[in-house]
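This report describes selected features of one protein model.

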Amino acid sequence: MNATLPLQQDRRTLYIGLMSGTSVDGVDGVLTRLEDGQPPQVLANASLPMPENLRRELLALNTPGGDELARAALAANALARVYAQAVSKLLADAAVAAADVSAIGAHGQTVRHRPDLGYTLQLNAPALLAEQTGIAVVADFRTRDVAAGGQGAPLVPPFHAAIFGASHGRAVLNLGGIANVTLLAPGQPARGFDTGPANVLLDGWCQRHLGRPYDAGGRWAASGHVLAPLLEQLIGSEPWFGLAPPKSTGRDLFNMQWLDTRLAEFDGPAPAPQDVQATLQRLTARTVADAIDRAAAGTQEVFVCGGGALNAGLMQELAYCLQRPVRPTDALGVPAQQVEALAFAWLAHAFMMGKPAGLPSVTGARGPRILGALYPA
């Protein structure tokens with residue numbers, strides 16, 4: 001049985017964070033030591049590819065289909081087993097016993113995100129994960145914030161503020177399937193929001209035309225040209241880009257149907273696939289830059305995490321559009337691929353310590369909330 005508050009404060013300092021993001025390409029995990037006032041100490045990290053049949057099913061469950069309830073339950077169980085494999089690898093690599101770990105923070109896989117309708121849905125089987133690992137699991141991080149009138153996303157800005165704060169304006173940009181930004185300024189609460197698509201459209205277009213899951217290094221995009229009229233149509237035709245924060249989004253809005261509709265409406269010659277890819281890459285960079293300029297024009301530097309930080313072409317586009325230094329979070333001592341998993345370890349720690357981790361300045365909730373639900377070992 002799950003509990004919405006920790007049964008007791010656990011003073012062990014080892015936590016595991018697990019993350020499978022909007023790109024649905026794999027599971028990232030970290031085993032870390034978390035102590036108040038100290039930077040996280042990563043003892044082990046793991047990245048497991050998402051099994052292809054499970055990836056297809058998780059993507060399919062983002063849209064209505066037959067027998068959804070049973071399929072979703074089975075997919076959640078399968079995802080928990082992949083999570084358990086990641087936990088096993090982390091423990092083995094660090095030579096740590098399960099009994100020494102306070103909790104696992106497991107976000108699950110978002111398949112619906114509609115805070116405007118009062119719900120968000122992450123597929124997960126935390127009870128099964130607790131059974132398979134023998135470690136308490138903290139899950140369901142978003143729903144309490146949504147219940148309090150918030151967006152339930154993004155969840156990572158409090159963690160970014162805790163480890164990446166600076167004496168000047170700084171942004172931390174996460175590039176998964178969707179892009180979200182954390183805005184940090186001295187003496188002010190962290191702010192953050194989604195800016196729009198990051199890799200979700202790039203990956204989908206690449207899969208369709210090249211049969212590859214992503215455009216490695218942005219090389220295919222580099223073979224094309226940005227189509228300015230198409231770019232302006234993509235931005236101008238979507239009201240969501242103009243909304244003021246707090247705001248969040250996902251595959252419910254930005255998906256291949258969204259792109260196909262706009263390509264069909266494009267008033268110009270049929271674009272070459274590589275030109276569409278180049279334009280989508282610019283779309284990500286441009287919408288990020290526009291969002292930061294509107295919300296925090298005094299931002300002096302941008303640090304990037306998530307899978308998009310490994311895309312050299314996208315990083316170049318960001319530097320061009322932002323006109324500011326753009327570097328991966330590795331430059332701050334935290335590898336870009338570990339940041340989100342670390343964030344969910346941190347959120348699990350906050351829950352176990354009974355500390356609110358929801359920020360009204362980010363999500364728009366009525367007040368700070370303790371986020372998560374506990375599935376004891």
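Leucine 121 is found in strand E6, which spans residues 119-123; helices (H or I, at least four residues) and strands (E, at least two) are DSSP runs, numbered from the N terminus. The model is predicted, so local features need pLDDT of at least 70 and side-chain atom pairs count only at pLDDT 80 or more, while totals for chains, interfaces and linings use all residues. Residues are numbered from 1 along each chain as its sequence is written, and side-chain values use heavy atoms, with hydrogens and water left out.

Leucine 121 counts as partly exposed because its relative accessibility is 40%; buried means under 20% relative accessible area, exposed over 50%, and partly exposed in between (1.4 Å probe, protein chains only). Together with Leu117 and Tyr119, Leu121 forms a nonpolar patch on the surface, with about 280 Å² of accessible area in total. Such a patch is made of residues with over 30% relative accessible area and no salt bridge, with nonpolar side chains (Val, Leu, Ile, Met, Phe, Trp, Tyr) joined within 5 Å. A salt bridge is a side-chain nitrogen of Lys or Arg within 4 Å of a carboxyl oxygen of Asp or Glu. The areas come from the Shrake-Rupley method with a 1.4 Å probe, and for residues only the protein chains shown count as cover.

Rings of Phe, Tyr and Trp (its six-membered ring) pair if their centres lie within 6.5 Å; planes under 30 degrees apart count as stacked, over 60 as edge-to-face and the rest as tilted. The count by this rule is six aromatic pairs. Two of them are tabulated here.

| Pair | Centre distance | Plane angle | Class |
|---|---|---|---|
| Tryptophan 240 and phenylalanine 254 | 5.8 Å | 85° | edge-to-face |
| Phenylalanine 254 and tryptophan 258 | 5.1 Å | 65° | edge-to-face |

Tryptophan 240 and phenylalanine 254 both lie in the loop between helix H8 (228-236) and helix H9 (256-265), so their pair ties together parts that are 14 residues apart in sequence. Tryptophan 240 is buried, at 8% relative accessibility, and phenylalanine 254 is buried at 0%. Trp240, Phe241, Phe254 and Trp258 form one aromatic cluster.

Arginine 55, in helix H1 (residues 52-60), is buried with a relative accessible area of 13%.

Conventions. Patch = residues over 30% accessible without salt bridge, like charges linked within 9 Å, V, L, I, M, F, W, Y side chains within 5 Å.
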